[in-house]
Amino acid sequence: QVQLVESGGGLVQAGGSLRLSCAASGRTFSIYAMAWFRQAPGKERELVAAVSRNGVSTYYTDSVKGRFTISRDNAKNTVYLQMNSLNIEDPAVYYCAGDVGGRDSYYTPRVQYEYAYWGQGTQVTVSS
């Protein structure tokens with residue numbers, strides 16, 4: 001079992017930056033690929049970015065490429081999402097997720113059902 005706790009959300013002006021953090025506790029963090037999802041009101045939850053167990057492979061949805069960076073520190077049991085150039089399409093509740101564990105070290109899961117562990121979410125709001 002893995003417990004995930006997000007932090008770092010808040011209100012930022014358009015064009016600004018935020019860094020989300022997700023601290024994991026429980027089983028060995030490095031066996032899990034990790035991801036950030038987001039869900040805006042009235043919309044389905046979508047994958048924003050994913051990072052492999054070893055931190056080498058990453059995936060980004062098209063709308064955040066070049067603006068967001070996912071990274072992880074396995075020594076600190078933490079995954080990050082650096083969000084730059086935030087715009088009015090980015091406000092949502094952002095969720096940290098961990099996959100089922102034990103997959104290939106370079107694998108980045110791309111669908112929700114591959115993720116077994118979820119945080120409670122952190123709100124990101126962007127003002128124009």
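Visitor: Is Phe-37 buried or exposed, and what is its relative accessible area?
Guide: Phe-37 is buried, at a relative accessible area of 1%. Buried means under 20% relative accessible area, exposed means over 50%, and partly exposed is in between, with a 1.4 Å probe and protein chains only.

Visitor: Before we go on, what kind of model is this?
Guide: This is a predicted model, where local features need pLDDT of at least 70, side-chain atom pairs count only at pLDDT 80 or more, and totals for chains, interfaces and linings use all residues. Residues are numbered from 1 along each chain as its sequence is written, and side-chain values use heavy atoms, with hydrogens and water left out.

Visitor: Back to rings. How many aromatic pairs are there?
Guide: The count is four. Rings of Phe, Tyr and Trp (its six-membered ring) pair if their centres lie within 6.5 Å; planes under 30 degrees apart count as stacked, over 60 as edge-to-face and the rest as tilted.

Visitor: Why is the pair of Tyr-32 and Tyr-117 edge-to-face?
Guide: Because their planes stand at 80 degrees, with the ring centres 5.6 Å apart. Tyr-32 and Tyr-117 are both buried.

Visitor: And what sort of pair do Phe-37 and Trp-118 form?
Guide: A tilted one, 4.8 Å centre to centre with 55 degrees between the planes. Phe-37 is in strand β4 and Trp-118 in strand β10, 81 residues apart. Strands (E, at least two residues) and helices (H or I, at least four) are DSSP runs, numbered from the N terminus. Trp-118 is partly exposed, at 28% relative accessibility. Phe-37, Tyr-115 and Trp-118 form one aromatic cluster.

Visitor: New topic. How many disulfides does a search of the whole structure find?
Guide: One. A disulfide is a pair of cysteine sulfur atoms within 2.5 Å, and here Cys-22 is joined to Cys-96 with S to S at 2.1 Å. Cys-22 lies in strand β3 (residues 18–26) and Cys-96 in strand β9 (residues 92–99), 74 residues apart.

Visitor: Are those cysteines buried or exposed?
Guide: Cys-22 is buried at 0% relative accessibility, and Cys-96 is buried at 0% too.

Visitor: How many residues has the largest nonpolar core?
Guide: It has 29 residues, and Met-34, Trp-36, Val-79, Leu-81, Met-83 and Tyr-94 have the most contacts inside it. A nonpolar core is a set of buried Ala, Val, Leu, Ile, Met, Phe, Trp, Tyr and Cys residues joined through side-chain atoms within 4.5 Å.

Visitor: Which strand gives the largest share of this core?
Guide: Strand β3, with four residues. Another core lies apart from it, with seven residues, including Ala-35 and Tyr-115.
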